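This report goes through one chain, part by part. The structure is shown first, and the remarks follow it.

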Amino acid sequence: MVMFSTRKTWDLDCSPCFQELWQKNVSLDTSSVKFLMSDSDDDGSFMSLPTAASLQRQSLTSELSNKNTSNQQHLIQFCRDSEALAHCLLPQQQSVQQRLCEQGLGEDERVSGVEEEQQLIAQTNGERSYSKLVSPDEKLTTRLRAKVEELEVKLLDRTREVERLRSELGATDLEKQLELLVVENEQLKQQLKSWRCLEPHNIDAAAKTCNCSHCPYSQDAEKMRRELLHSKSQSQQRERSLADLEQDMPRKSPRVDSLMWQLHDSTHQQEDYGQWQGEAEHKPTLRSKQCEQELARQGAAPPRVEFVTQTVKADPTDSHRALAEVQTKNVALQEQVSGQRQLLRELQTQLHESQRNCAQLRTQILVYEEELQRAQGQLEVEMQNLEEEKNKVIEEAFMRAESQMKAVHENLAGVRINLMSLQPALRTLTCDYNSLKRQVQHFPYMLDKAITEAKHEICQVISEVSSTNQELLLKYKKEMNLRKKCHNELVRLKGNIRVFCRVRPISQDEKDAADARILLSFDSDDDSILYLSSKGKVMTFELDKVFPPQATQEEVFKEVQSLVTSCIDGYNVCIFAYGQTGSGKTYTMEGETDNPGINQRALHLLFSEVREKAPDWNYKIKVSMVEIYNETLRNLLSESSSAKLDIRMKPDGSGQLYVPELTEFPVQSLVDIKQVFELGRMNRATACTNLNEHSSRSHALLIITVCGLNITTGDRTQGKLNLVDLAGSERISKSGAEGTRLREAQCINKSLAALGDVINALRSKHPHVPFRNSRLTYLLQDSLSGDSKTLMMVQVSPSPSNTSESLCSLKFAQRVRSLELSSASAASRKHENLSTPSSPTHDHTEVDSPPVTPIPLPISRASSAGTTLSSTSRTSSGSRRRSQSQVPTDIHIDKAFSLLRDGEQDN
Ligand SMILES: Nc1ncnc2c1ncn2[C@@H]1O[C@H](COP(=O)(O)OP(=O)(O)OP(=O)(O)O)[C@@H](O)[C@H]1O
């Protein structure tokens with residue numbers, strides 16, 4: 001037994017058992033002391049928890065600190081358990097302290113306690129006394145040991161749990177989450193890469209391959225492409241969110257680290273506290289064990305009892321101070337525990353938030369994954385559908401191609417057969433080709449030869465044709481001359497001056513008049529006879545043609561058109577309309593707008609005739625319009641309607657007349673004709689106040705000149721057609737005119753008398769024809785002389801009131817016709833007497849030489865023809881031959897004409 005005084009200040013609060021033993025003055029041997037002092041450097045080692053548990057706790061703490069404490073909940077639970085254990089140990093500690101305090105309160109008690117300890121030590125020599133001595137400590141030790149064992153079990157459980165969790169998780173939750181996120185990110189990237197590898201190329205390629213308007217899958221492919229683009233945009237968004245999360249991780253890691261450090265610190269503090277508590281719990285147990293072992297060892301050894309009596313003086317103040325310090329420290333520790341608890345709650349809250357965020361992120365990732373899987377599934381399904389459709393289309397195309405190929409093969413077989421059959425024909429063709437080739441080689445020579453022969457033949461034919469043509473041309477000219485001669489002979493036989501009569505219809509006023517007798521009648525068998533009842537006598541007038549009132553304009557023109565066409569052949573033609581005012585002269589010559597007269601119809605006929613002869617002849621038609629009023633010529637087609645004209649002899653010595661400044665208007669169409677007539681009508685109307693009266697008192701001449709050129713022969717013709725609407729022929733005595741009217745009437749009578757004289761002179765072959773006696777005859781000189789043709793249209797009114805004027809007009813017409821007929825019949829007789837068909841002198845002259853003006857007879861030779869007229873009038877229904885045979889000589893006719901005019905004027 002070694003007795004020593006300790007230099008060490010024992011923490012009695014932490015080692016109550018030792019203190020208790022110390023106070024009981026337990027003698028310890030060296031080994032026991034060494035054992036007790038083995039952890040002298042460490043204040044807490046003596047009262048530390050069992051080493052395994054301590055190591056486990058340290059390792060757990062270090063692991064937790066190193067691994068960022070993924071199992072913080074377990075740790076929190078462990079801390080709670082430790083805290084609960086501390087709470088559990090605290091009353092025991094307090095009870096021990098209480099007991100120690102009670103032991104140190106009085107010396108007596110302490111002494112008694114020491115004595116009690118000495119007694120206990122004394123009893124160690126016997127089991128009974130020993131058991132009595134250690135029974136309370138044993139109970140406490142047992143209880144503490146049980147607690148320690150329980151804690152060890154719990155620690156082991158926790159350690160296993162931690163190990164298990166570590167093995168399961170391998171890392172903290174945040175690290176695990178990070179790893180999971182990284183793994184998911186990698187997976188997503190791989191999926192995206194695979195999609196990028198698969199979809200764009202394949203689908204775009206498929207779309208490109210199917211990029212045709214007739215492909216039925218182009219719309220599906222387009223729709224899939226749009227969905228793919230949408231999926232790609234979503235995946236890009238998710239990538240971005242993952243990148244954001246990855247970026248957030250570094251930012252959050254320091255915070256987590258700081259939290260882990262705080263947790264580490266708090267754990268260390270807890271650990272220190274637990275260690276302290278463990279030591280507090282464990283040290284007595286250890287001590288008790290050691291005591292037991294020592295007791296057992298001493299019991300086993302030979303009894304060597306030494307009684308040492310030592311007085312231990314304990315300073316109660318120090319104990320109290322120590323106790324107070326311990327209590328203060330305990331309070332501080334409790335405050336630290338509460339602070340650590342608060343910190344733990346905050347950490348727990350943060351952990352919850354982090355876990356919630358992680359759960360949300362996981363949920364989002366799951367949602368994204370589901371969407372991606374769904375999109376991928378749809379894409380796969382659509383790709384599969386497309387693949388099926390593609391295969392189907394390919395199969396159909398293949399089938400079609402096969403069928404077409406089959407048909408092509410069949411055609412090819414047919415073609416081969418045809419080729420086989422065509423080969424002989426080809427051989428034949430080859431032979432023909434070779435023969436043709438040989439012929440072609442000789443073709444230029446043959447062609448030259450043929451061309452030379454053809455040229456020779458053509459030259460021969462051309463010479464023959466030209467000679468034949470010359471003969472035909474000569475024949476044609478002969479025929480033309482013969483035709484002209486025949487025509488002239490016919491006209492001559494008919495008479496160069498022909499006299500027609502037209503009776504206008506009776507007007508309504510004339511019908512309504514009191515005297516409505518019909519004095520004019522016609523012969524139904526002879527259209528040249530007209531009967532006039534006057535003063536109880538019926539006079540018969542025989543003319544070339546008599547047109548009744550119902551005769552149309554067309555019928556009248558039909559009788560005139562031969563004269564018009566002779567104008568184209570180069571004859572001068574003159575057509576007069578003669579008669580009293582209102583007898584229908586203007587109606588016959590000009591007509592009405594919808595029913596034109598001779599003027600317009602003549603021009604139409606000339607146009608049509610000219611068109612018919614157009615291949616051989618080139619004609620030009622010119623038109624002039626002249627008015628003769630009071631022996632004054634007025635140009636009706638000039639711009640100034642008051643321009644007066646003059647008639648002059650041509651200066652070339654030809655003896656022909658011309659009218660200087662006379663407007664000749666070339667006409668080529670009906671439109672031109674209408675314009676000409678409109679202009680003439682306007683000019684005529686501007687010069688007078690009353691057109692009707694003015695037209696009655698003036699002569700209107702429409703002069704149509706037709707110039708022809710035969711393109712083949714070069715022959716030229718020029719004919720003139722004079723269409724004259726004479727002034728009214730009523731007698732002055734009847735009209736009772738005075739002054740201007742008298743002068744107008746005198747001028748009219750003068751011009752009409754001059755016309756009669758000219759006609760008389762012409763037909764009488766008089767050497768002098770008095771053309772210059774009036775402007776009218778002077779102007780019409782070239783159209784009245786020579787072989788010109790003249791037609792007088794005598795207009796007669798059917799009204800009984802106009803009987804005397806009608807009688808005068810008819811007598812004048814009859815006289816002119818008688819004169820003409822007498823000369824024509826005389827000429828025919830002359831032709832008959834001198835009939836030498838081979839070459840009549842007059843005919844030869846008419847054909848080959850220009851017309852010769854006959855020698856006019858002096859007008860003084862005019863004599864009375866009353867008997868002739870009366871005899872003719874009396875011939876009611878005799879034939880023309882009979883009338884011709886009764887025609888008197890020219891002298892008688894002239895006399896009759898003069899007497900007639902004189903008699904008319906006298907009456
Ligand atoms: N054949 C006919 N058929 C129908 N009406 C006619 C015929 N002849 C003349 N007339 C009519 O008689 C009237 C007189 O005719 P028109 O003016 O032609 O006579 P005119 O002799 O020319 O007179 P003027 O000497 O005053 O010019 C006109 O209203 C005309 O329409």
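## Ligand shell

In this predicted model, the shell around the ligand is made up of 11 polar, two nonpolar and two charged residues. The ligand is surrounded by 15 residues, and the closest of them are Arg504, Gly584, Thr586, Tyr587 and Ser696. Two helices, H12 and H15 (691-696), each give at least two residues to this shell.

## Annotated binding site

An unreviewed UniProt entry carries a "binding site" annotation that covers Gly579, Gln580, Thr581, Gly582, Ser583, Gly584, Lys585 and Thr586. Gly584 and Thr586, both listed in that annotation, are also among the residues closest to the ligand.

Thr581 sits in the loop that runs between strand S6 (572-579) and helix H12 (585-589), whereas Thr586 belongs to helix H12. Leaving aside residues up to four places away in sequence, Thr581 touches Ser696, Gly728 and Glu730. Of these contacts, Ser696 is also one of the residues closest to the ligand.

Ser783 is part of helix H19, which covers residues 781-784. Is Ser783 buried or exposed? Ser783 is buried, because 23 other C-beta atoms lie within 10 Å and the cut-off is 20 or more.

Apart from residues up to four places away in sequence, the contacts of Ser783 are Asn572, Val573, Cys574, Lys720, Asn722 and Ser788. Ser783 is also 8.3 Å from Tyr571, C-alpha to C-alpha, although 212 residues separate the two in sequence.

## Helix H17

Helix H17 takes in residues 740-763. Lys765 follows H17 and has a positive phi, near 55°.

## Positive phi in loops

Most residues other than glycine have a negative phi. Lys535 has a positive one, near 55°, and lies in the loop between strands S3 (529-534) and S4 (537-542). With 8 C-beta neighbours inside 10 Å, Lys535 counts as exposed, because the limit for that class is 12 or fewer.

Glu631 also has a positive phi, near 60°. Its place is the loop between strand S7 (617-629) and strand S8 (632-635). Glu631 is partly exposed, with 16 other C-beta atoms within 10 Å.

## Whole chain

How many helices and strands does the chain have? The secondary structure comes to 24 helices and 15 strands. The chain has 907 residues, of which 30% count as buried. Among contacts between residues at least 6 apart in sequence, 77% join residues at least 24 apart.

Terms used:
Residues are numbered from 1 along each chain as its sequence is written. This is a predicted model: local features need pLDDT of at least 70, side-chain atom pairs count only at pLDDT 80 or more; totals for chains, interfaces and linings use all residues. Helices (H or I, at least four residues) and strands (E, at least two) are DSSP runs, numbered from the N terminus. Two residues are in contact if their C-beta atoms, placed from the backbone, lie within 7 Å. UniProt positions are given in the numbering used here, feature names are shortened, and annotations may be inferred rather than shown by experiment. A residue is near a molecule or strand if its C-beta atom, placed from the backbone, lies within 6 Å of it. Ala, Val, Leu, Ile, Met, Phe, Trp, Tyr, Cys and Pro count as nonpolar, Asp, Glu, Lys and Arg as charged, and the others, Gly among them, as polar. The expected span of a helix is 1.5 Å times one less than its number of residues.
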